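Subject: Structure handover and notes

Dear colleague,

I am passing the structure below on to you, together with notes on what was found in it. Please read them alongside the sequence.

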Amino acid sequence: MDHKEKRCPKTGRIIARASETSGDRNCNSPADAPRSPGIARRTFIAGSVATVATFSMTGCGGKTLTGKPLPKPTAEQAARKRKTPSSVALVPCASYEDDPMPELKKYAKELKLPDLTGKTVLLKPNMVEFHPGSPVTTNPHALKAAFDLADYLGAKDIIIGEGPGHMRDTEFLLEATGLGAMVKKLGARFVDLNLDDLEALELKDGFSGLKQFFLPRTLMNADVVVSVPKMKTHHWVGMTASMKNFFGAVPGRKYGWPKNLLHMRGIPQCILDLQDLIKPRFALVDGVVAMEGDGPINGTAKEMGFYVIGDDLAAVDATCARTMGFDPYELDYIKIAGEVVGNVNADAITVLGLDIERVKQKFERPVTFKNKKLMEQSANQAS
Amino acid sequence: MAKTEKFKSKGADNTKAAAKPNLASIQPVLLKADEYIQKSFKNGGWAYKAADTACIEPTAFCAIARRKDASMRKQVIDFLVTNQNADGGWSTSPGLGKSDWTSGLALLALRILLKEEHSEGAHAASVDKAVAYLFEARTEFYGALAKILLQISKGDEGLNYPRGWPWSPGCFHWVEPTAYALLALKIPSPAQKADSQRVVSRADNFLLEHACKDGGWNHGNDLCLNVYLPPFAVTTAEALIALQDQKNANAVQHAFHNLKNTIGYNGSAMSAAWTAIAQLSYGRDATESIHNLIARQHADGSFGPNLMVTALSVLAIQAHQGDNALKIS
């Protein structure tokens, strides 16, 4: 047997051999307890009732990424959907060194982004984890663009808030990602949403089955919340952009690092519930350099050269999906968002700025797209 | 790497400790931090930020850091006992939902403070209830049928699978809550409850089994979708501290060999404090981490972004001075 390590040619990460993932590992010391039972634990769990229960949903309305039924929105849920067509702008920005503000201002007017005069605005970037040289988090220049845009729109007070989902060492993350230096340069206040005082919010008629969500007080007290995510593939839900970004608003001091309860209750379901609770006002997506492959952490950089902005986050994410070579309807949470949040259908979305057909690229898909068994393990590995 | 992805900082390689502080002058650092914690004490506990509501995690760490203060001890013991939930656990702050991962920390603090009071029997009911809660709160993978199948295929040993603790009830097990619960069951002495040894052993095995291939620990799994995950500094240190009584384990030795390569190593006050405590708990040299840590003290005496980190920093410096509250005896 060849025992050489196999590394991913793009990320350099060591890839496990199939025999290593069956559950048993080497015992190299008497101090190490005997390993897994006769049936390999991970394999056993994959077929267990618990796995199916994690993805079970009420109603039946089509197939999910896992092949399991999607929830059919109730009339009350569907009533929340935006009633008017949407516009989304693909704002050109070839590199982070370029100044996107002239274009952002122009499209802010065309999109009729809200007047923020006198408002307290919370910008929510992605700072989930740090891997040197990897486009995991919102770029500091993208954060600056969002800050400058909010300032241009008249914001009185701009707070940067984030609750990193994987690493709780916020001091390290702010330094390592460069976001801390940018926050300081902007003269803004950073709030660690993981450790903020909490508000208990009743969740009526949600998708996750949770009756209550605890969310950071700073977030809920802000007049306006803006999503400032990184555009990436995602191995559990296909892609992550403006809506999935709000997993980082869920406080780790209650839900942990990661916020595993959200995985257990269903990622698509929790994405939608968070949209309903937080009601973000608009999004500015960092697509200057995106991530493809095994996102949202272990993927590789993909230069796209634009920001995506809009006030309908379903439309923003659907547009992002199209630029990545996805059909948004193959992504569960976006599909349902098209029924309860906003517009996903291309006929209902006007795309301003760059021509989507000219900028779209076929992103390398996460391995879970090709291997549904791996997808079914998601609730168990929950990473 | 894309040429446009340029805005990067130094990453994990920190250079905060430009001039090496004199460790002989560490006492003023400690006193100033202690004073900061003392001034932030309010209504029986501490918050993450001084102005906020008292929370279990910072209360636990601050109380352990100030365990010699008799007056404070009594108030914190009262706070913890009063705010213990009916099921025996604790919520992140009193009244904030179901019992959660902070239960391990609350029990750890309670046991340490009661030992300082020389009154371990005084709140025995609370402690027993908390231990029972922790036993029940462990992650369970298998339903009744699955357990029968395991027992058939492997005998009693088949039921001895690793079990750690989740962040929220009913979820999967993760390194940090497992480390906290283990510390609560091991410090200041092994918990006196039937089956405690088996519970601890299975949790130790969860940590040992999920060590990263490179050495150290990520936050839960070592493997995700057939890709080995890198170790994080904070979770590596936490796991090491919880596994002090497994010092010969391969995973432990491997973690120390790889410590400097963990993501975030000495890249913050939190990381430096946790790493120093881990090193000192095994009798290893922690000079580099301690130097790194004390260089990060703010003018007001605090460390890092919140009170929990200040308290951890105090614990690290105390350990450096030979008084390690998190040492498993």
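A residue is called buried if 20 or more other C-beta atoms lie within 10 Å of its own, exposed if 12 or fewer, and partly exposed in between, with C-beta atoms placed from the backbone. By that rule Lys279(A) is exposed, because 12 other C-beta atoms lie within 10 Å.

This is a predicted model, in which local features need pLDDT of at least 70 and side-chain atom pairs count only at pLDDT 80 or more, while totals for chains, interfaces and linings use all residues. Residues are numbered from 1 along each chain as its sequence is written, and chains are lettered from A and ligands numbered from 1 in the order in which they are written. Helices (H or I, at least four residues) and strands (E, at least two) are DSSP runs, numbered from the N terminus.

Backbone exceptions

Most residues other than glycine have a negative phi, and most peptide bonds are trans. Lys279(A), in the loop between helix 11 (267-278) and strand 12 (282-292) of chain A, has a positive phi near 50°. Phi of Asn266(B) is likewise positive and near 50°, but this residue, in the loop between helix 10 and helix 11 of chain B, is buried, with 26 other C-beta atoms within 10 Å. The peptide bond from Trp257(A) to Pro258(A) is cis, with omega near 10°, and Pro258(A) is found in the loop between helix 9 (252-255) and helix 10 (260-265) of chain A. In chain B, the bond from Ile187(B) to Pro188(B) is cis, with omega near 0°, and Pro188(B) sits in the loop between helix 7 and helix 8.

Chain A

Two packed helices are described by the angle between their axes and the distance between the axes. Helix 5 (residues 140-152) and helix 7 (residues 179-186) of chain A pack at an angle of about 30°, their axes 9 Å apart, where axes are lines fitted to C-alpha atoms, for helices over the stretch in contact, and angles run from 0 to 180 degrees between N-to-C directions. The contact (C-beta atoms, placed from the backbone, within 7 Å) is made by Pro140(A), Leu143(A), Lys144(A) and Phe147(A) of helix 5 and Leu179(A), Ala181(A), Met182(A) and Leu186(A) of helix 7.

Thr233(A), in strand 10 (residues 230-234) of chain A, is buried, with 26 other C-beta atoms within 10 Å. Thr233(A) and Phe363(A) are 130 residues apart in sequence, yet 8.0 Å apart in space, C-alpha to C-alpha. Not counting residues up to four places away in sequence, Thr233(A) touches several residues, among them Met239(A), Met291(A), Phe363(A) and Arg365(A).

Chain B

The 14 residues of helix 8 (residues 196-209) of chain B should span 20 Å at 1.5 Å a residue, which agrees with end C-alpha atoms 20 Å apart; the expected span is 1.5 Å times one less than the number of residues. Its buried residues include Val199(B), Ala203(B) and Phe206(B), and the buried residues of helix 8 pack against helix 5 (124-137), helix 7 (175-186), helix 9 (233-242) and helix 10 (250-257) of chain B. In helix 9 of chain B, 10 of the 10 residues are buried, so this helix is largely enclosed by the rest of the structure. The buried residues of helix 9 pack against helix 7, helix 8, helix 10 and helix 11 (269-281) of chain B.

With best wishes

Definitions and conventions
Contact = placed C-beta atoms within 7 Å.
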